[in-house]
Amino acid sequence: MSAVTFDSAVARALEREVQVRRRRHLKLAAWSALAVAALWFSALQIKLSPVALVRGAGYMWDFITRLFPPDLSYLALLGGATVETVQIAIWGTLLAIILSIPLSFLGARNTTPHILVFHLTRLLLNALRAINELVFALIFVSAVGLGPFAGVLAVALHATGMLAKFCAEEIEGVDKGQVEAQMATGATHMQVILFGVAPQIVPQFIGYAIYRLDVSIRSATVLGLVGAGGLGFALIQNMKLFKYHQTATCILVIFLLVLVSDWICGKLRRKVI
Amino acid sequence: MLVPASTKTTVLSVRGLAKSYGNSVHALRGIDIDVREGEFLVILGPSGAGKSTLMRCLNRLVEPTEGKIIHDGQEITSKSRSLRAVRRQFGMVFQQFNLVKRLSVLTNVLTGRLAYRSTWRSLFYNFSKEDKHIAIECLARVNMDHKAFQRADTLSGGEQQRVAIARALAQKPTIILADEPVASLDPKIARQVLTYLKQVSHELGITVLCNLHQVEYTREFAERIIGMSRGKVVFEGTATELTEEILHRIYYRDPDEKDDKSQ
Amino acid sequence: MSIDVQTRTQSIFDELAARQTWKIKHIIYIVLAGAFLAWCADGVNLRPREVFNAVPVIADYFARMVPPKWSFIEAIWKPAIETLYVALWGVVLATIVGLPLGLLAASTVTRWALVRAGAMGILNVLRSISELIWAILFVAAVGLGPFPGALALGMNYGGILGRLYAEAIENVDKGPIEAMEATGASRLQVILFAILPQALPQFVTYNLYWFEVGVRSATVLGMVGAGGIGFELITSIRLFEWREVGLILLFILGMVTIIDLASTYIRSRLY
């Protein structure tokens, strides 16, 4: 190629690049403008106000100072509630594990018996995931009465939705070759699942279940707000009676519990995965 | 084109086997093959020739659209035959080994016995004493028993394939189907694996159907060769009969060439 | 088979048998675990018969929600959309809080261990206090409404996102960082041009995910007066208006599903 044509080729390429970049910048600008508009609109809707926050800081500070110092003698009385919180989380997660094993196989495209079953299962799981544990707890308190039993069921249902969906996605992602090999030996459908699919997903399943346990402990601390047992109940009782120092103790205990559970669950997950 | 009957009995017959996906993809266009008992039969052809499809039709991992497969005097293509009974007669060895990575070598071989165990007993990953003996014996035959308790994914490629052969042996099959068993292995290991495959099947009187695309291995190991190209059989004979012209026919078949009835 | 192979086979068989026998310690573990679980179950009043009895009762309550009271949609669509705004600003505030703290807590950005520990400590405090408790606090500060809800999510998710950001920053590919440092770029330039651009896709993934979670959380913040549909929900439940509850739940399910699909779409377009 001669020098003249080479130069003009380069010039054309540069011009094209400028045009492409301009188009990309315009697209970015349009999306950004849209995002800013959405944020502005929603800020108005929720009456976002830094001014109110600054003014409210005074009230918040007042509130916080009333909480301090936390009544440490109250700690001993919270022991039972703390234990109850953990027990709720443990059994909620355990029930979720039991329920999600069959549900995850039904909700995975490659192991479901029928496409209709697949869609129904996914719908059910989405419903369980969409509804907060607190909402379940409210309904169950009406159904089975106050106390931690309602809490366990609430935790269990929501966790089942999360765990089963995660597991179903893992099942859909297994190495098909290993599954084909098991089929080739003449194994039944169930045997293929046991030996071809399950070993590929068990560590991730356990790891996620431990994560759900951690999250459940966190949720279980507030279930008591609606009467479903645990520390939340003590918290709301003390608040209603304006016993602020005891409220602070509750918050402190909740904070420590979440911290410890986080640390333990983190360690366990690392051992499994 | 069928070779006149020899002294060996025919253990597998394929007649007019065809497999199409939709109206456009014809993976197999009428295959006629006779497999003799105990032989090491290599199916040679380029990728896309239909070798894998053919093999998977034999153990019904893929259902053929037309044709018959007769094994041990019984037609296995009819829907009434239980898949389990059909599949356990065929031990399959895959290019990607397809061992269950997280399970131990021994457990992997034991999965070859699943067709003989009821679902309920396998629920607890339990195998009978007899199964365990068979599995360990098969492992010993491919000299992998010293790694019996290691996780399958800690093994090298050649070792994994030997374990896969042991798994196929554990089924006590009549025929082993090896689908490109050495395509992922380097030459020295590949020859070692093929040697094990041939030797062990001879010892146990098992027929082997082996898909290969490498001509050198075919010449070295095959007792009989079937050449496939674009879904049809284009050659049948021994290694000495595999001339350059025939190789050309297998590998460079003219796409405009009409289906030649004189084959 | 040769004698040698036979002895090898036998020794493996024996070893397999040995590995599969129930050792005393395994039995003890199982018994202890069982006892622990039984004690937990007792603590939460969980008895098998109670569970079996509860199932039809709960099914009955859900049955009362069908068919949902469609006319109620007039009353709830505004608070329901408000839930989305709360979640949106919650995540925005969380990013504002979490990003600087996350940067400070990342070992590849901050050299002083004390500063890192401090930032991590703050993030841990933020994330350990449930968003409901934050909401109660903020309602006391700025009054009822959606604003304290957004603030509450901002605090709690700020802690969560901050930690996730720090982790993402630390896991960034070191290659481009070394390359930039080799050209003589300043610390700030390395952070801006080598670290952040790499971590950005991961940040976006986290933000999208926690927005989804935020919508679900924001549905209950209204129970303590912090905006969104929570107030209507708790009112309908307390009034035993189950068909209204049914509608609200259906609406929530619809919202979450749409957001789920949208975020999947966005994620596929980004990569």
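## A loop residue in chain A

A:Phe242 sits in the loop between helix H9 (231–240) and helix H10 (244–272) of chain A. Helices here are DSSP runs of H or I with at least four residues, numbered from the N terminus, and strands are runs of E with at least two. A:Phe242 is not a glycine, yet its phi is positive, about 60°. A:Phe242 counts as exposed because it has 9 C-beta neighbours inside 10 Å.

## Basis of the model

This is a predicted model, in which local features need pLDDT of at least 70 and side-chain atom pairs count only at pLDDT 80 or more, while totals for chains, interfaces and linings use all residues. Residues are numbered from 1 along each chain as its sequence is written, and chains are lettered from A and ligands numbered from 1 in the order in which they are written.

## Cis peptide bonds

A:Phe68 and A:Pro69 are joined by a cis peptide bond, with omega about -10°. A:Pro69 belongs to the loop between helix H2 (50–67) and helix H3 (75–106) of chain A.

In chain C, the bond from C:Val66 to C:Pro67 is cis, with omega near -5°. C:Pro67 is in the loop between helix H3 (48–63) and H4 of chain C.

## Chain C: H2 and the loop to H3

C:Asp42 is part of helix H2 (residues 24–43) of chain C. With 11 C-beta neighbours inside 10 Å, C:Asp42 counts as exposed. C:Asn45 lies in the loop between H2 and H3 of chain C and has a positive phi near 60°, although it is a residue other than glycine. C:Asn45 has 18 other C-beta atoms within 10 Å, so it is partly exposed.

C:Asp42 and C:Ala119 are 77 residues apart in sequence, and their C-alpha atoms are 41 Å apart in space.

## Chain C: packing of H4 and H5

Helix H4 (residues 73–105) and helix H5 (residues 113–128) of chain C pack at an angle of about 140°, and their axes are 7 Å apart. Axes are lines fitted to C-alpha atoms, for helices over the stretch in contact, and angles run from 0 to 180 degrees between N-to-C directions. H4(C) is therefore oblique to H5(C); angles under 35 degrees count as roughly parallel, over 145 as roughly antiparallel, 65 to 115 as roughly perpendicular and the rest as oblique.

H4(C) contributes C:Leu101, C:Leu104 and C:Ala105 to the contact, and H5(C) contributes C:Val115, C:Arg116, C:Ala119, C:Met120, C:Ile122 and C:Leu123. Two residues are in contact if their C-beta atoms, placed from the backbone, lie within 7 Å. This contact has eight nonpolar, no polar and one charged residues. Ala, Val, Leu, Ile, Met, Phe, Trp, Tyr, Cys and Pro count as nonpolar, Asp, Glu, Lys and Arg as charged, and the others, Gly among them, as polar.

## Contacts between chains

Chain C has 44 residues in contact with 49 residues of chain A. On the side of chain C that touches chain A, 31 residues are nonpolar, 10 polar and three charged.

Eight residues of chain B are in contact with six residues of chain C. H5(B) supplies the largest share of the chain B side, five residues. By class, that side has four nonpolar, one polar and three charged residues.

## Helix H5 of chain B

Among the buried residues of H5(B) are B:Lys132, B:Glu137 and B:Arg141. Just after H5(B), B:Asn143 has a positive phi of about 60°.

Conventions: Buried ≥ 20, exposed ≤ 12 C-beta atoms within 10 Å, placed from the backbone.
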